Amino acid sequence: MAHAQANPGISWRELSPQPLILLSGSEDYLASRAFELLRSQAAVREDIQHTRLDAAKYEPGELLLATSSSLFSSANLVEVHELAHMNEYFLKDALAYLKDQAPENVLIMHHSGGTRGKKLLDAIKAAGALIVNCQPVKKDAEKIDFVQAEFKSAKRRITNDAVKALVAAVGNSLAELGSSCSQLIQDTTGTIDQDMVDKYYGGRVEATAFKVADAAISGNAVLALRTLRHSLSTGTDPIPIVATLAMKVRQIAKVAGVNEPAASLASELGMAPWQVQQAQQQARGWKRGDLALCVEEIANTDRMVKGGSRSPGYALEHAIMFIAGKAPRR
C-alpha cells in the first residue's frame with residue numbers, strides 16, 4: 001500500500017461513476033461519503049441495479065451475478081466492502097472480472113490498508129482504476145479544509161474563526177466533525193460565526209480548554225477562571241485543559257522573537273499556518289524568561305492534576321493565575 005499512499009488519488013468530492021473505482025485508506029468516514037455520493041449519482045438512473053458485497057464473507061459467484069445484466073437493469077452499481085479482509089473466493093472472482101470487465105457497470109471497492117490482497121490491488125491499478133484518497137485526516141489544516149469544503153458544498157458561509165472553533169471542539173473524529181457541519185447547516189440560517197459554534201459546541205472539553213488557555217495567555221484571568229470553574233463544575237476532567245494550556249504556551253515560545261512568515265514557519269515547526277499566525281499574535285510582548293517560567297509552572301501543574309495534589313482544580317487555577325500574571329499588558 002506504500003505506492004497508494006505516495007499517490008493517494010483524488011478527493012471523494014470529485015468522484016463520478018467509473019467502471020472501476022478503488023477507495024484507498026483507513027478513514028471509513030471518507031469511504032462512506034464516497035459510497036454515498038456514488039449511490040446518489042446512480043439513483044438518477046432507473047436502469048441501474050445496486051448490490052453490496054462483503055469481501056470477507058464472500059460466496060463464490062456473487063460478483064458474477066452482481067455484475068451481470070438482467071431483465072430489470074442494463075447496468076450495475078456494485079459496492080465491495082472489507083477488501084482488506086477478503087477471502088480467497090473473492091480474490092479469484094475479482095481477478096477474473098478484471099480480465100473481462102463490463103464497461104457499463106460501476107464496481108467500487110474499499111481497501112482500508114495492510115498487505116492482504118496486494119495481488120488484487122496491483123491488478124486493480126493495472127486495470128486503470130480511479131483511485132480515491134481515503135487516508136486519515138490528522139492535521140488541523142486538513143480538518144479546516146474539510147470543514148470549509150462542507151460549507152462551500154452546501155452553499156453556506158462560515159467565518160474563519162467559526163471554522164477553527166468547530167475543529168477545536170469536535171475535530172478528534174472526522175465523522176463527528178462531518179456530523180457537526182451537517183447539524184449547523186440544517187439548524188441555522190445566514191452566516192455561521194463563532195458565537196453560533198459556541199452555542200452548539202462551546203461546552204465541549206476541547207472548546208473549553210482553548211477558551212481557558214487563550215484567556216490566560218492574553219492576561220484575562222477573570223474570564224479564564226470563570227470558564228474553568230464552570231467547566232470543572234460540570235464534570236470536565238482538568239487533564240486535557242492542562243494539556244491544551246501546555247500546547248498553547250509551547251507554540252508561543254516557538255514563534256517568540258522569530259520574524260518569519262507563518263507559511264515558511266509552519267512546516268518547520270509542525271504547525272498549521274493559522275496556528276503560527278495566532279501564536280505570533282499572542283506572542284507579542286511576551287518575554288522569553290516569563291514563557292520559560294510558565295512552561296515550568298504548567299509541568300508542575302500537570303504532575304499535580306495527575307495525582308500529585310488533593311485538589312487538581314486548585315492547582316489548575318493557580319497555574320492560570322500565574323500565566324495571566326506573566327502575560328504582557330496590552
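## Threonine 67

Leaving out residues up to four places away in sequence, threonine 67 touches Asn76, Val78, Tyr97 and Asn105. The model is a predicted one, and it places threonine 67 in the loop between helix 3 (62–66) and strand 3 (75–81).

The relative accessibility of threonine 67 is 9%, so this residue counts as buried; the cut-off for buried is under 20%.

In soluble globular proteins, nonpolar side chains tend to be buried together. Here the largest nonpolar core has 40 residues, and the members that touch the most others are Ile21, Leu23, Ile108, Val147, Phe151, Leu166 and Val197. At least two residues of this core come from each of strand 1 (20–24), helix 2 (28–42), strand 3, strand 4 (106–111), helix 6 (140–153), helix 7 (160–170), helix 8 (174–187) and helix 9 (194–201).

Leucine 23 can be followed in detail. Apart from neighbours within four places in sequence, leucine 23 is in contact with Ala31, Ala34, Phe35, Ile108, Met109, His110, His111, Val132 and Cys134.

## Packing of helices 12 and 14

Helix 12 (residues 238–255) packs against helix 14 (residues 273–283) with the axes 8 Å apart and at an angle of about 80°. The two helices are therefore roughly perpendicular, a term that covers angles of 65 to 115 degrees.

Helix 12 contributes Lys248, Gln251, Ile252 and Val255 to the contact, while helix 14 contributes Gln275, Val276, Gln278, Ala279, Gln280, Gln282 and Ala283. By type, the residues of this contact are 5 nonpolar, 5 polar and 1 charged.

## Positive phi in two loops

Glutamate 82 is not a glycine, yet its phi is positive, at about 60°. Glutamate 82 sits in the loop between strand 3 and helix 4 (88–99). With a relative accessibility of 40%, glutamate 82 counts as partly exposed.

Lysine 155, also a residue other than glycine, has a positive phi near 60°. The loop that holds lysine 155 runs between helix 6 and helix 7. Lysine 155 counts as exposed because its relative accessibility is 74%, and the cut-off for exposed is over 50%.

Key. Residues are numbered from 1 along each chain as its sequence is written. This is a predicted model: local features need pLDDT of at least 70, side-chain atom pairs count only at pLDDT 80 or more; totals for chains, interfaces and linings use all residues. Side-chain values use heavy atoms; hydrogens and water are left out. Axes are lines fitted to C-alpha atoms, for helices over the stretch in contact, and angles run from 0 to 180 degrees between N-to-C directions. Helices (H or I, at least four residues) and strands (E, at least two) are DSSP runs, numbered from the N terminus. Angles under 35 degrees count as roughly parallel, over 145 as roughly antiparallel, 65 to 115 as roughly perpendicular and the rest as oblique. Contact means heavy atoms within 4.5 Å. Ala, Val, Leu, Ile, Met, Phe, Trp, Tyr, Cys and Pro count as nonpolar, Asp, Glu, Lys and Arg as charged, and the others, Gly among them, as polar. Buried means under 20% relative accessible area, exposed over 50%, partly exposed in between (1.4 Å probe, protein chains only). A nonpolar core is a set of buried Ala, Val, Leu, Ile, Met, Phe, Trp, Tyr and Cys residues joined through side-chain atoms within 4.5 Å.
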